[in-house]
Amino acid sequence: MAFRGQYEYTVDEKGRVALPPRYREQFAAGAVLLPGLEPCVQVFTPEGFEARAAAVERLPYESAEGRLARRAIWGNSWDVTKDGQGRILIPEKLLQHAGIGRGAAVVIVGANECLEIWDRA
């Protein structure tokens, strides 16, 4: 599944944001959130996250690089589920990383293997 397009939403006062309706079925089993390399939040399907994590798993745990990579991906990821209205709750730490405040306008951008949530400003 390739995620495409741009969608404008607002983060509510509880820190929730709606997923684009065309992609909600792909997140029926939940989503995995990660901080992006830039100030954004990455939203992966569980399968998409596992595919990304597979590259890290190939690094030997015995190496410093392998341990740091594991901490970076699993230590900074959050499992979330969507509610009945197709919204996910973004943890405060990720909102801060992306510079997104509660009540902020955001844009959700398709980035092929994941969605990215950006502050619209």
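Modeller: One term before we start. A residue is buried if its relative accessible area is under 20%, exposed if over 50%, and partly exposed in between. Also, this is a predicted model.

Biologist: Got it. What does the secondary structure of the protein chain come to?

Modeller: Three helices and eight strands. Starting at the N terminus, the order is β-β-β-β-α-α-β-β-α-β-β.

Biologist: How does the radius of gyration of the protein chain sit with a compact globule?

Modeller: It agrees. A compact globule with 121 residues would have a radius of gyration near 14 Å, and the protein chain has 14 Å. The C-alpha trace spans about 45 × 30 × 25 Å along its principal axes.

Biologist: And what share of the residues is buried?

Modeller: Buried residues are 42% of the 121. The protein chain exposes about 6600 Å². Carbon and sulfur atoms supply 51% of that area.

Biologist: Let's do rings. How many aromatic pairs are there in the whole structure?

Modeller: The search finds four. One of them is Tyr-7 with Tyr-23, where the ring centres are 6.2 Å apart. Their planes stand at 90 degrees, so this pair is edge-to-face.

Biologist: Why does that angle make it edge-to-face?

Modeller: Because planes over 60 degrees apart count as edge-to-face. The Tyr-7 and Tyr-23 planes are at 90 degrees.

Biologist: Where in the chain do Tyr-7 and Tyr-23 sit?

Modeller: Tyr-7 is in strand β1, residues 6–10. Tyr-23 is in the loop between β2 (16–18) and β3 (31–35). They are 16 residues apart, so the pair links distant parts of the chain.

Biologist: Is Tyr-23 buried or exposed?

Modeller: Buried. Its relative accessible area is 1%, and the cut-off is under 20%. Tyr-7 has 17%, so Tyr-7 is buried as well.

Biologist: What about the rings of Phe-49 and Trp-74?

Modeller: Their centres are 6.4 Å apart and their planes are at 85 degrees, so that pair is edge-to-face. Phe-49 lies in helix α1 (residues 46–57) and Trp-74 in helix α2 (residues 64–74). The pair therefore ties together parts 25 residues apart in sequence.

Biologist: New topic. Where is Cys-114?

Modeller: In the loop between β7 and β8. Its relative accessibility is 2%, so Cys-114 counts as buried.

Biologist: What does Cys-114 touch, leaving aside neighbours within four places in sequence?

Modeller: Phe-3, Gln-42, Val-43, Phe-44 and Val-109. Take Gln-42: it is 72 residues from Cys-114 in sequence. In space, the two are 6.4 Å apart, C-alpha to C-alpha.

Biologist: What share of contacts in the protein chain reaches at least 24 residues?

Modeller: 58%, counting contacts between residues at least 6 apart in sequence.

Biologist: Last one. How far apart are the mean positions of the positive and negative charges?

Modeller: They are 2 Å apart, for 15 positive and 16 negative charges.

Methods
Residues numbered from 1 in each chain as written. Predicted model: local features only at pLDDT ≥ 70, side-chain atom pairs only at ≥ 80, totals over all residues. Heavy atoms only, no water. Phe/Tyr/Trp six-rings, centres within 6.5 Å; stacked < 30°, edge-to-face > 60°. Helix = DSSP H or I, 4+ residues; strand = E, 2+ residues; numbered from the N terminus. Buried < 20%, exposed > 50% of the residue type's maximum accessible area, 1.4 Å probe, protein only. Rg over C-alpha atoms; globule rule 2.2 N^0.38 Å. Contact = heavy atoms within 4.5 Å. Areas by Shrake-Rupley, 256 points an atom, 1.4 Å probe, with all protein chains shown as cover. Lys, Arg positive; Asp, Glu negative; His and termini not counted. Charge placed at Lys NZ, Arg CZ, Asp CG, Glu CD.
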